[in-house]
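The sequence and the structure are shown first, and the description follows.

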Amino acid sequence: MSEGFDLSTQESGVSLRNDVPAVPTVLVLDAGPTEPAPRLGSLTGRARVLHAADADGLRDRLPAADVLLVWDFFSDAVRAAWPGEGPRPRWVHTASAGVDRLMFPELVDSDAVLTNARGVFDAPIAEYVAALVLAMGKDLPRTLELQARREWRHRESQRIAGTRACVVGSGPIGHAIERQLKALGIVTALVGRRARAGVHGPADLDRLLARADWVVCAAPLTEDTRGMFDARRFGVMQPSARFINIGRGALVVEPDLVAALEKRWIRGAALDVFEHEPLPQDSPLWTAPGLLVSPHMSGDTVGWRDELGRQFLELYGRWETGRPLMNVVDKKRGYVPGN
């Protein structure tokens, strides 16, 4: 792990500008015809709201937009449409915690301020990680398999309290996971870019991995963290360890994880994020021994889209009155910076 990567975040405020037009234009990159659009009714009379469904529509409307809301945060349409002629929005908000899809040179080097959905997904993802830990420790997937076959097979399960966890990523999501695991009685260590009170630095990572029963990846995807969990890192872990990734798929070298499971280097794993989504049907991850696959749903609880919409409206209220924006991403680092 490079000394240069930063896994921490903090709430930061940046005053964007004071020359807000009388009726600003908000451009929304929609998530598709089957997905609900953001509820922006409270902007009536305060903004002109335009919509785009793809890169072509986005490209045509970008020069007129003061604000871009990336509602479809799985899309690469912004990357495709941003380069070109004409002005570009001075503020871009993505309805996601991760911003890696927006880290292309033209936007990074522009004067556009980028904000993210920090805070919306912390608790739901932490709950999901706790559920995975309990499911694997108590062998619930096997119980469901045996029930489907009407097969009575007594087993012993793992005691969760007293086990050790290493959470990689010391941002709000990582801290929420740490709190949730500690509530289960798990001795939890948090790893970030640098050592500080309550957080280990990169120099401690391998040592903590070698002792952990649970390794949870909650890091942002940057050039320094891409592929950080590879054959060497899986080889450091103990054979009884389980690995969980709820960060970004590209943080893991997926063939190395499959090999580690097949060779029994580690006991099991759970992935909620993947390098290619949806996961192709012919991916070896589907059949890797001891691997739980879920479709990028760890942060998506009932009402999550409404919460994302409310967060954007709150930020818009700050922007239109000249108050500092929160959740401002350091575009050179690829995340909201921390202390």
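Val 293 lies in strand S11; strands (E, at least two residues) and helices (H or I, at least four) are DSSP runs, numbered from the N terminus. This is a predicted model, in which local features need pLDDT of at least 70 and side-chain atom pairs count only at pLDDT 80 or more, while totals for chains, interfaces and linings use all residues. Residues are numbered from 1 along each chain as its sequence is written, and side-chain values use heavy atoms, with hydrogens and water left out.

Contact is defined as heavy atoms within 4.5 Å. When residues up to four places away in sequence are not counted, Val 293 touches Leu 271, Phe 274, Leu 279, Leu 285 and Trp 286. The C-alpha atoms of Val 293 and Val 273 are 8.6 Å apart in space, and the two residues are 20 apart in sequence.

Ser 294 is found in the loop between S11 and H10. Because its relative accessible area is 9%, Ser 294 is buried. Leaving aside neighbours within four places in sequence, Ser 294 is in contact with Tyr 128, Leu 271, Asp 272 and Phe 274.

Ser 298 lies in the loop between strand S11 (291–293) and helix H10 (304–320). With a relative accessible area of 5%, Ser 298 is buried. Residues up to four places away in sequence again set aside, Ser 298 touches Pro 124, Ile 125, Tyr 128, Ile 246 and Asp 272.

| Residue | Partner | Distance |
|---|---|---|
| Ser 294 | Asp 272 | 2.6 Å |
| Ser 294 | Tyr 128 | 3.1 Å |
| Ser 298 | Asp 272 | 2.9 Å |

**Helices H4 and H6**

Helix H4 (residues 122–137) packs against helix H6 (residues 172–183) at an angle of about 45 degrees, and their axes are 8 Å apart. Axes are lines fitted to C-alpha atoms, for helices over the stretch in contact, and angles run from 0 to 180 degrees between N-to-C directions. H4 and H6 are therefore oblique to each other, since angles under 35 degrees count as roughly parallel, over 145 as roughly antiparallel, 65 to 115 as roughly perpendicular and the rest as oblique. The residues of H4 that meet H6 include Ile 125, Ala 126, Val 129 and Val 133, and those on the H6 side include Ile 173, Ala 176, Ile 177 and Leu 181.

**Cysteines**

A disulfide is a pair of cysteine sulfur atoms within 2.5 Å. By this rule, the count of disulfides is zero. Cys 166 is in no disulfide, and the nearest cysteine sulfur, that of Cys 217, is 9.9 Å away. Cys 166 is buried at 1% relative accessibility, and Cys 217 is buried at 0%.

**Lys 263**

Lys 263 lies in the loop between helix H9 (254–262) and strand S10 (268–271). Its relative accessibility is 52%, so Lys 263 counts as exposed. A C-alpha separation of 9.5 Å lies between Lys 263 and Pro 289, which are 26 residues apart along the chain.

Technical notes. Buried means under 20% relative accessible area, exposed over 50%, partly exposed in between (1.4 Å probe, protein chains only). A polar contact is a pair of N or O atoms within 3.5 Å; within protein, one must be able to donate a hydrogen and the other to accept it, and residues adjacent in sequence count only if both atoms are side-chain atoms.
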